[in-house]
Amino acid sequence: MMKRWQAVKRLLPLLAVFSLLLAGCGREDLSVLRPQGPVAQEQLGLMKLAISIMIVVLVIVFAIAAYVLVKFRRRKGQNGVPEQVEGNFKLEIIWTVIPLVLVIILAVPTVQQIFAFGDDHYNDKDAVQVKVTSHQYWWEFEYPQYGVKTAQTLVIPTGKKIAFELKTADVLHSFWVPSLSGKMDTNPDGTINRFSFSADKEGVYRGKCAELCGPSHGFMEFKVKAVNGDSFNNWVTAMKAPAVLPEDPALAETFKKQCLSCHAVGDQGGPVGPNLTGIGSRESVAGILLNEGQDGGKPVKENLKEWLMDPQAVKPGNKMPNPKDLGLTDEQIDGIADYLANYKLNY
Amino acid sequence: MAHAHSVKRHTGLMDWLTTVDHKKIAILYLLAGGLFFGFGGVEALLIRLQLIKPMNDLVSAQTFNELITMHGTTMIFLGVMPVIFALMNAVIPLQIGARDVAFPFVNALGFWTFLFGGILLNLSWIMGGAPDAGWTAYTPLSTSTYSTTHGVDFYTVGLQIAGLGTLIGGINFLATIITMRAPGMSFMRMPMFTWTSFITSAMILFAFPAITVGLVLLSFDRILGANFFEVSNGGNPVLWQHIFWIFGHPEVYILILPAFGVISEVIPTFARKRLFGYSSMVFATILIAFLGFMVWAHHMFTTGLGPIANALFSIATMLIAVPTGIKIFNWLFTMWGGQIRFTSANLFAIGFVPTFVMGGVTGVMLASAPADYQFHDTYFVVAHFHYVIVGGLVFGLFAGLHYWWPKMFGRVLNETIGKWTFWFFAIGFHLTFFVQHFLGLMGMQRRIFTYLPNQDFDTLNLVSTVGAFLMAVGVLLFLFNCFMTAAKPKGVANDPWEDGRTLEWAIPSPPPEYNFKQIPLVRGLDAYWKEKMAGNKEMTPAEPLGSIHMPSPTILPFVMSVGIFIAGLGLMFSSEKFNNSFMSMIFNNWIVVIIGLVITFGSMLLRSLFDDHGWHIEPEELEEEGVKA
């Protein structure tokens, strides 16, 4: 027992060096190496321990290899036969036992964390429940405690445990927000998963689908927006407010008939497609067209128009019919894009 | 009987179609494996070109998914497996002092079923679209609801046929190694390559039935409307993951163990020292194989199996590091105190050791389930398994090919080009895959056809693509080397490396049809080296010179495989709506399937009804042939 901790202590300086090195890697809102919540933090801690042990192994192997390759090259005129060594019991025991010890050092915290991570917090009193349903190629987020449904941008309060229940509506997907937590698959009924994480700081974090789910698998992105508790409550109130429809009655009629058969705004519409309530204040259109304020983002209306003009060009294989095939004219599309771009929530 | 000399001797193409000689089958495996390896390589280059910059549109999203699926499937089942079988066929009978494998007919059958399975799978490119659900073909994505082309049918049927070849090949080598070792060659005197191939064959025997069952279930779901993986009818997609990985994880050890064997032959030869810790190497091999069957669920940590399963599979997986570590240190200490020569073969073998260790340590990192929640399905995993399969297995295959080329073809590959091959391939390899570890950690998931800019992925992806092309240059250099060497006259010594240790180096290169004029007597580990050290020029024979019984060439294995191929195509298109009424008639009424099966079972019947006693080579002929060979 003593020895194990001494070994860990010896690894500490290495750990510190790697923390510094790794921290420079990638975007703050995306990289596994720059965790923004306690779950990702712990997972990175385990990774650092593993990397440190592995670097020690690599250094030993590389050093022996380098020494052997330099020292024991065959030289000119070297014709005697080298001694044929059968083996060495002591050495062989050493390189069986040391790896075993290293494995144990890694295994103990691994098992601890597996069980900690496996705890079900879904029914904790202060947890915010979120039912995640994945679709080809978009994310649906339902808050059963608040009676609210949204899509593509998951709004969460900071500092609170967010307890997820994950399932899919079609093929397998995997729910992954690298800077907040490792991923978890979304399976069909019967194999539904639960897990939880939390965000310490306000901000927008990038989420991705991590299980091959069809052509647009790479475009099945989403955002996690962490806001303070008051803002979160405001957001819930705003989501529950009655729907705002286009001012022009003709356009409103078209919108109702053509769009709300699948999509929902506020208290109106259907559940087949992504919920559009307050889409104008989200970070992206269709998860992949970034809006102003994001790196390389464009105005919301431009993105909405790009999407509505030809959804297949943006996300190949997605299930939304082309609005033009539904009989919408360019002006109507422009009008709907304008309406949606201005459908913002204040929170 | 003794002078029943009625064997037909074929020449040219017919000779290759009818051969049952393990040495010729080895060359067939090498050619076919090389061809598919080329396909897989071109697919890899297209993948890397597509990912060279963000939001690239070189190939469409659908084509990209077909490319990754076919790249993985082709490389594993049709690229490296056959090259492994090529080496096993070329070397094992020679290493154990046998004249052929236990079942030469079955050996040929194994090759032809593999080849026709592979051809069937690759026909998908020109017959309506390749499989697109990843090489793992996870359901429901691979079911007919979500993958509507025939792509996945080509995958299930093609792999089923190719897998049949692998399975019978494995059984054949088990029987060969158990029953056909020369007198004196106890199990603990077997060369290490024979040992690892033996264990690999045993793993094939247990692992391939799992994928066979899985593929049958998936074919039933897709073609006959069964519901094994259909949730709404009581099926379960997670079941496919279990079946696939119960096969899939042992499969990676099936691949890597023969490479371990190659390294264990090449390093001692060029260090001029016996393998350090031979018995612990054998023990470690067996332990790896055993543990290899106990760890499949580490591919499913994020599936949601619960903490108990995750904890057990984490620990079981980490344990594999121990026997693997034993092997690494044994190789290093084989070289310790030796006289190392840096031939091309040995460069690949030496390069294998650190590269494989890098793949191994990331494997242990992945074994830690909570960390794997982050690593899983990212480029970190892509980097890991390419380090193991390319940096490990493919390095091992290149080492083995350079090493045994003179024994297989009677010509030594050009050493200068061989060394260039190594440097291009090794540097290209590390450029391609080292950076991918970081891409994964920075949030790039695998199997995406493109990515948004401004994610810090751009430079590393560019580096990776450049590396892939350096690897391609290495492979082309190797091909060039093969052709250039083929143009030179045969005629290398029995033991061209001068320090050969095992039996294959005691006979001519290439060996005569019957391998050993007289079966040798084995007096210890490294039988040939032992004789050389005792001052003998050749092995002591264990039998008097006599007539040698040989198997007859036969076209039946080829015909049987053609039959299975036809039946496979018929099954896939059994419910297809054709424009042509004749086509509809023969396919929809199962006529094509029946024709294929009649051909196959008819050939089996022929084989059973007409005994073939083979033929004999008489001692007088041996003298002449010995000179010619």
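I started with residues 10-523 of chain B: the span is 68% helix and 0% strand, and its end C-alpha atoms lie 38 Å apart. Helices here are DSSP runs of H or I with at least four residues, strands are runs of E with at least two, and both are numbered from the N terminus. UniProt, in an unreviewed entry, lists residues 10-523 of chain B for "domain: Cytochrome oxidase subunit I profile".

Ground rules before I go on. This is a predicted model, where local features need pLDDT of at least 70 and side-chain atom pairs count only at pLDDT 80 or more, while totals for chains, interfaces and linings use all residues. Residues are numbered from 1 along each chain as its sequence is written, and chains are lettered from A and ligands numbered from 1 in the order in which they are written.

**Entry: transmembrane regions of chain A**

I checked UniProt again, and an unreviewed entry puts "transmembrane region" at residues 51-70 and 91-111 of chain A. Residues 51-70 of chain A are 100% helix and 0% strand, with end C-alpha atoms 28 Å apart. For residues 91-111 of chain A I also found 100% helix and 0% strand, with the ends 30 Å apart.

**Entry: where the chains touch**

How many residues of chain B are in contact with chain A? I got 76, facing 78 residues of chain A; contact means that C-beta atoms, placed from the backbone, lie within 7 Å. On the chain B side, α10(B) gives the largest share, nine residues. By class, that side has 43 nonpolar, 26 polar and seven charged residues. Ala, Val, Leu, Ile, Met, Phe, Trp, Tyr, Cys and Pro count as nonpolar, Asp, Glu, Lys and Arg as charged, and the others, Gly among them, as polar.

Then I zoomed in on α3 (residues 89-118) of chain A and α9(B), which pack at about 165° with axes 9 Å apart. Axes are lines fitted to C-alpha atoms, for helices over the stretch in contact, and angles run from 0 to 180 degrees between N-to-C directions. So α3(A) and α9(B) are roughly antiparallel, the label for angles over 145 degrees. Among the residues that meet are A:Leu106 and A:Phe115 in α3(A), and B:Ile315 and B:Met318 in α9(B).

**Entry: a helix pair inside chain B**

Next up were α5 (residues 151-179) and α17 (residues 556-572) of chain B, packed at about 155° with axes 10 Å apart. That makes α5(B) and α17(B) roughly antiparallel, therefore. B:Asp153 and B:Phe154 are among the α5(B) residues here, meeting α17(B) residues that include B:Phe565 and B:Gly568. The contact of α5(B) with α17(B) divides into seven nonpolar, one polar and one charged.

**Entry: the sheet in chain A**

Which order do the strands take? I wrote down β4-β10-β9-β6-β7 (chain A), an open sheet of five strands with mixed pairing. Pairing takes at least two DSSP bridges between two strands. The edge strands, β4 (153-157) and β7 (181-186) of chain A, each pair on one side only. Two bridges join the antiparallel strands β6 (residues 173-177) and β9 (residues 203-209) of chain A. A:Phe175 stands opposite A:Cys209 in β9(A). Last, I saw α4 (residues 229-240) of chain A lying across β4 and β10 (221-227) of chain A, at about 130° to β4(A).

Definitions and conventions
Contact = placed C-beta atoms within 7 Å. Parallel < 35°, antiparallel > 145°, perpendicular 65-115°, else oblique. UniProt positions renumbered as here; feature names shortened; annotations may be inferred.
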